[in-house]
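Subject: Structure handover

Hello,

I am passing on the structure we discussed. Please open it first, then read the notes below with it on screen.

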Amino acid sequence: MEPRPKSFYALTAFFVLFLIFLYGPTVTIGILSFQGPGGGLTFPMRGVSLHWFRDLFEQQAVGDIWGSFSRSLVLGLMVMVTTVVVSVMGGLAFRKRFAGSTVLFYLIITSLVIPSILISLGVGLIWSQSGLPVHWSSSGFGAQLTWTLPFGLLIMFAVFNRFDRSYEEAARDLGASPWQVIRHVVLPIIAPSLIGVALFGFTLSYDEFARTLLTSGSYNTLPLEIFGMTTNVTTPVLFALGTLTTVFSLLVIGVFLLVVWLLNHRRARQGSDAGKGMI
Amino acid sequence: MERVHRSLSDARRRALALRHTETLGQTAGAGLRNNTVIGWLLAAPLALVLVVFLVLPIVMIVVVSFWGATEWSIYPAFLFDNYEFLLTSDVTYRVFFNTFKYAAITWAFTLLIGFTVAYYLAFHIRSLTWQIALFLLCTIPFLTSNIIRMISWIPFLGRNGIANSTLISMGVIDEPLEWLLFSDFSVVLAFVHLYTLFMVVPIFNTMMRIDKSLIEAAVDAGATGWQTLRHVIIPLTKPGIMIGTIFVVALVMGDFITVRFMSGSQSANMGRLIQNDIALLQYPSASATAVILLVTVLILIGTLLRLVDIRKEL
């Protein structure tokens, strides 16, 4: 291998600084959430304790955290499943040009770039003017889909741009019906990317704030609850909650990455039948 | 080699398609109609969501922007009052300018940082495994809560925060700096912190698709590292830069929560104006501001979209 140019070391330093910039604040509140009972929102640490985490588990101390957490969890799963199914169908549809596909494509882009508060305001207005009850599982659910679906579809476009169609042709030549081609050839090949779509669907929903602001009704989701806390809670209990949600997000990401890794591993092991044929 | 393979399979596909149409006696027109039916069947759920939760809300906002409001309710009407009030108020123009200011400054910083990081990952990291690992390391924060990432700046930037106490103990300053938190500085810092990822990802994606032999050719032809960057890599990375720009500009211009939180409610952008009106139940006025914001964003993004073919670049 040729020796590293000088610029490599400068850029490595830059990259490390970028990572510190990216993770530093989160790590800091992670440390500060272990403040002693008398500690404040910044250093120095006045002792080390689990005091603030204990506070979180006492219902009356700070809002309805566990209720909002379970709502966010259920909503995240609903959005995740819907995003995967709708994105795959949409991705398949866009493989062929059809009348009106350009309009639909620009709607997807609009959905991505439109200021989130407009969705919140518009959906909220429609629901309130038509007398429907605003609820996180109806209006909130739909409002979040306008954010997760564009990401899901962009991933699907990227996947199908790289998809080798000769696999499908081979299946068709062997007499597979269109459904069999999708079920036994296309879906298994794109499965790891679908895990990615699912991960985006869940985490984007779980962390979404602006689009749920006016569409979730009287029951808050977790980000709304946390934002409410920022205005009236001035103790490290805020950091403790932040640390817990971040740890939860990291666990979710970890699980998804593990699944992708396992899928790829299994495919590498079973995908090729070289050496297993009749000799 | 790959191209040969692709054109072969293209030819084969065409031949197959031809055989199909011949045997079934279909005309080309019927084929397109068929595509359209299947396409819309597959896209129906997507279209339904977009119509109900994107198109109708926009229509609703436009309609309500002409309505009237009392202190506690809104009523259907066809008034230009909301727009007249907006367009004749000084505040609107200041806030409008502020919105662009945040977008421009954030764009410049995210582009510089994002490009450098993507360049490092794509051209200086030699093994694919490491590239993927470091890329994931950059992406993970994007999948955690924005609000918590904003909150986490408080212990850093506060009056008695880490930044101030470090600077004081180093003897750089005597008094704590007041402008670190709750200022334009902290707003832009938070934007860069939250959105640099949106530059890194598309630029990295485009860079990974650059044919490495082009760079070898440039080096063989005697180009310095800087010349290669300037005349080969940057021009080829433009589509990625465009997509990143679209993301960052749209996110910053549509934001209200970062500005509110990081400026301690001392600065405003269009989003904040809308949110203020909503808090006061002045939905028609909020809608009028929303229409102006939406038109601005769509014109801006529409212009950027003319410079890049998103679907081809994914």
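Predicted model: local features only at pLDDT ≥ 70, side-chain atom pairs only at ≥ 80, totals over all residues.

H8(A) supplies the largest share, 8 residues. By class, the lining of the largest pocket has 37 nonpolar, 6 polar and 3 charged residues.

One of those helices, H5(B), can be checked in more detail. Its 12 residues should span 16 Å at 1.5 Å a residue, and its end C-alpha atoms are 16 Å apart, so the two values agree. Phe135(B) is one of the buried residues of H5(B), along with Gln131(B), Leu134(B), Cys138(B) and Thr139(B). Viewed down the axis of H5(B), the buried residues fall within an arc of 145°, which means that they line one face of the helix. Thr129(B) and Trp130(B) are exposed and sit on the face turned away from the buried side.

The largest cavity has a volume of about 500 Å³. It is lined by 32 residues, and the closest to its centre are Trp147(A), Glu208(A), Asn146(B), Tyr195(B) and Leu251(B). H4, H5 and H8 of chain A and H6, H9, H12 and H13 of chain B each give two or more residues to this lining. Its classes are 21 nonpolar, 6 polar and 5 charged residues.

The second largest cavity has a volume of about 40 Å³. Residues of both chains line it, among them Tyr206(A), Asp207(A), Ser145(B) and Ile148(B). Which helix gives the most to the lining of the second largest cavity? That is H9(A), with 3 residues. The lining of the second largest cavity divides into 5 nonpolar, 2 polar and 1 charged residues.

Now the records. An unreviewed UniProt entry lists "domain: ABC transmembrane type-1" for residues 69-259 of chain A. Over that span the chain is 79% helix and 0% strand, with its end C-alpha atoms 24 Å apart. For chain B, the UniProt annotation "domain: ABC transmembrane type-1", also from an unreviewed entry, covers residues 96-304. Here the chain is 77% helix and 0% strand, and the end C-alpha atoms are 20 Å apart. The "transmembrane region" annotation in UniProt (unreviewed entry) includes residues 102-122 and 134-156 of chain B. Residues 102-122 of chain B are 100% helix, with end C-alpha atoms 29 Å apart, while residues 134-156 of chain B are 65% helix, with end C-alpha atoms 25 Å apart.

Two loop residues of chain B complete the list. Phe182(B) has a positive phi near 60° and is not a glycine. It lies in the loop between H8 and H9 of chain B and is partly exposed, with a relative accessible area of 39%. Ser265(B), also not a glycine, has a positive phi of about 65°. Its place is in the loop between H13 and H14 of chain B, and Ser265(B) is partly exposed at 43% relative accessible area.

Regards

Key: Residues numbered from 1 in each chain as written. Chains lettered and ligands numbered in written order. Heavy atoms only, no water. Helix = DSSP H or I, 4+ residues; strand = E, 2+ residues; numbered from the N terminus. Nonpolar A, V, L, I, M, F, W, Y, C, P; charged D, E, K, R; others polar. UniProt positions renumbered as here; feature names shortened; annotations may be inferred. Expected span 1.5 Å × (residues − 1). Buried < 20%, exposed > 50% of the residue type's maximum accessible area, 1.4 Å probe, protein only. Arc of directions from axis to C-beta. 1 Å grid on protein atoms, 1.4 Å probe; cavity = no way out; pocket = protein on both sides within 12 Å on 5 of 7 lines; lining within 4 Å. Points joined across faces, edges and corners; volume = space filled by probe spheres on them.
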